Structures are given as C-alpha cells and as structure tokens.
Amino acid sequence: MAVPVTVYPPDEDGGRRVRLHDGILGRAHGPRDVFALLEQAGWNPDEVTLDGPLIQWRGGGPDVWQPGGGGR
C-alpha cells in the first residue's frame, strides 16, 4: 500500500513540499505547517502523527528543515 503523504527534502529556503496522493498541498517550513496543510485537505490533525505510517519523510524526518539535514 502506498503512503498517502510524502514530505520532500528541504529546499534552499528550508521549505519542504508536501504531497497528498498525486497532488502537492504546498510547502511547509515546520511541523505546524504540515499539520495545517493536512487539515486544509480535510484530515483531522488530532489523528495524525508525524512519525506515523501515513507520512513518508524524504531527506530527513520531521525535525529536519534545512538543506543538508540540519534541524530547525
């Protein structure tokens, strides 16, 4: 089964694209932004965990927001 949410590696500005299935929801600059984008897409943020099975992180996990793997 495919993971419905993909968070891409940080770009040069520290933003990460967030994709839900086949569409880009927007750019996140931190975990709150990820929750906000998912909420706008109709998800209940109280039912989402950033390290859960529904989110695939590329280029570092939920604490990486700078290019090259630096935390924020």
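A polar contact here is a pair of N or O atoms within 3.5 Å; within protein, one must be able to donate a hydrogen and the other to accept it, and residues adjacent in sequence count only if both atoms are side-chain atoms. Colleagues, the structure above is a predicted model, in which local features need pLDDT of at least 70 and side-chain atom pairs count only at pLDDT 80 or more, while totals for chains, interfaces and linings use all residues. Residues are numbered from 1 along each chain as its sequence is written, and side-chain values use heavy atoms, leaving out hydrogens and water.

I begin with R16, which belongs to strand β2, residues 16-20 (strands are DSSP runs of E, at least two residues, numbered from the N terminus). A polar atom of the R16 side chain lies 2.8 Å from the backbone oxygen of G60. That side chain also reaches the backbone oxygen of V64, at 2.6 Å.

A salt bridge requires a side-chain nitrogen of Lys or Arg within 4 Å of a carboxyl oxygen of Asp or Glu.

By that rule the count is 1 salt bridge. D11 and R27 form a salt bridge, at 2.7 Å from N to O. The pair links distant parts of the chain, 16 residues apart: D11 sits in the loop between β1 and β2, R27 in strand β3. D11 is partly exposed at 22%, and R27 is partly exposed at 40%.

Conventions
Helix = DSSP H or I, 4+ residues; strand = E, 2+ residues; numbered from the N terminus. Buried < 20%, exposed > 50% of the residue type's maximum accessible area, 1.4 Å probe, protein only.
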